[in-house]
Amino acid sequence: MSRSALEARRRTLARTRALRVGLLLVVFVLAALALLYLRAPARPGPTPSAVTVSGPARVLDGDTLDITGTRIRLYGIDAPEHDQTCRRAGKTYACGQEATSALRGLLGTRAVACARRDTDRYGRTVAVCRVNGTDVNGWMVSQGHALAYREYSTDYVPQESAARAAKRGLHAGTYVNPADFRHEGTAAVPAAAPSTRRTPYASCAQARAAGRTPILRGEGGYNAKLDGDRDGKMCE
């Protein structure tokens with residue numbers, strides 16, 4: 001084989017080796033990039049509490065809204081049902097409709113922002129809603145138009161306690177806990193015989209002996225310590 005032929009063969013082999021090395025480097029780089037991609041932590045999606053629904057709200061009842069087709073159940077509170085009645089100053093009144101009207105008055109036509117907390121068994125978005133910086137859920141409880149829904153949250157218990165102490169809304173009279181109303185289907189709070197008793201009964205036995213049980217929150221003789229489940233009915 002001539003010298004020129006050997007030189008040509010050497011150059012060919014050198015190019016082949018260089019091409020192979022280049023291909024190996026490319027494969028190595030691609031493998032490294034793939035490994036880095038697989039090991040990289042996934043970008044977190046929005047958490048339930050970060051998902052926000054906003055816009056003008058249509059009030060359905062004292063704790064339910066509709067925002068652009070999304071049904072919102074206000075988190076941590078329970079308002080009287082729309083057809084529920086309560087008693088105040090010796091008269092029956094539509095406390096469910098009053099709660100609905102109060103919520104409509106607060107929201108008006110302003111945009112409401114609701115941060116999702118959960119989804120309930122009916123498919124509704126359970127959320128904390130705000131309008132102009134005001135916690136809508138807390139406002140409803142603080143004004144006595146709804147109760148803290150202790151079965152799911154104690155966030156609004158302080159607002160309920162303040163409303164009860166000030167005798168605002170529901171706490172100015174007697175009422176059945178909305179959850180009990182739903183379960184029992186009671187149309188109205190039974191009218192209790194007027195009581196002038198100013199001090200709470202010391203025991204259920206004492207209240208029963210007087211023929212006064214069950215005693216609803218706000219009635220004479222009611223003792224919160226004897227209302228074990230805090231449903232507003234003592235010694236039931």
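**Note on the predicted model**

1. Of the 236 residues in the protein, 39% are buried. The coordinates come from a predicted model, and what follows should be read with that in mind. The secondary structure comes to 6 helices and 12 strands. Counting contacts between residues at least 6 apart in sequence, 51% join residues at least 24 apart.

2. Helix α2 runs over residues 95-107, and its length can be checked. At 1.5 Å a residue, its 13 residues should span 18 Å, and the end C-alpha atoms are 19 Å apart, which agrees.

3. Which residues of α2 are buried? They are Cys95, Gly96, Ala99, Thr100, Ala102, Leu103, Leu106 and Leu107. Viewed down the helix axis, these buried residues fall within an arc of 160°, so they line one face of α2. Just after α2 comes Gly108, with a positive phi of about 55°.

4. Thr68 is not a glycine, yet its phi is positive, about 45°. This residue sits in the loop between β2 (64-67) and β3 (70-74). With a relative accessibility of 65%, Thr68 counts as exposed, because the cut-off for that class is over 50%.

5. Ala89 is the other case: a positive phi of about 55° in a residue that is not a glycine. The loop that holds Ala89 lies between β5 (86-88) and β6 (91-93). Is Ala89 buried or exposed? At 75% relative accessibility, Ala89 counts as exposed.

6. How many aromatic pairs does the structure hold? It holds 1. The partners are Tyr149 and Tyr152, arranged edge-to-face, with 4.9 Å centre to centre and 80° between the planes. Tyr149 is buried, at a relative accessible area of 16%, whereas Tyr152 is exposed, at 56%.

7. Arginine side chains also lie over tyrosine rings. Arg88 is placed over the face of Tyr93, 3.8 Å from the ring centre. Arg117 is placed over the face of Tyr75, 4.6 Å from the ring centre.

8. Tyr75 also takes part in a contact with Ser153. The side chains of Ser153 and Tyr75 are joined by a polar contact of 3.3 Å. Where is Ser153? Its place is the loop between β10 (147-148) and α4 (157-166).

9. Ser153 is buried, with a relative accessible area of 5%, because buried means under 20%. Leaving aside residues up to four places away in sequence, Ser153 touches Tyr75 and Gly76. Within its own stretch of chain, the side chain of Ser153 reaches the backbone nitrogen of Asp155 at 3.0 Å.

10. For a reader opening the structure, a few places to start are as follows. One is the buried face of α2, whose residues fall within an arc of 160°. Another is Tyr75, which has Arg117 over its ring face and a polar contact with the side chain of Ser153.

Technical notes: Residues are numbered from 1 along each chain as its sequence is written. This is a predicted model: local features need pLDDT of at least 70, side-chain atom pairs count only at pLDDT 80 or more; totals for chains, interfaces and linings use all residues. Side-chain values use heavy atoms; hydrogens and water are left out. Helices (H or I, at least four residues) and strands (E, at least two) are DSSP runs, numbered from the N terminus. The expected span of a helix is 1.5 Å times one less than its number of residues. Buried means under 20% relative accessible area, exposed over 50%, partly exposed in between (1.4 Å probe, protein chains only). The arc is that of the directions from the helix axis to the C-beta atoms. Rings of Phe, Tyr and Trp (its six-membered ring) pair if their centres lie within 6.5 Å; planes under 30 degrees apart count as stacked, over 60 as edge-to-face and the rest as tilted. A charge sits over a ring if NZ of Lys or CZ of Arg is within 6 Å of the ring centre and within 35 degrees of the ring normal. A polar contact is a pair of N or O atoms within 3.5 Å; within protein, one must be able to donate a hydrogen and the other to accept it, and residues adjacent in sequence count only if both atoms are side-chain atoms. Contact means heavy atoms within 4.5 Å.
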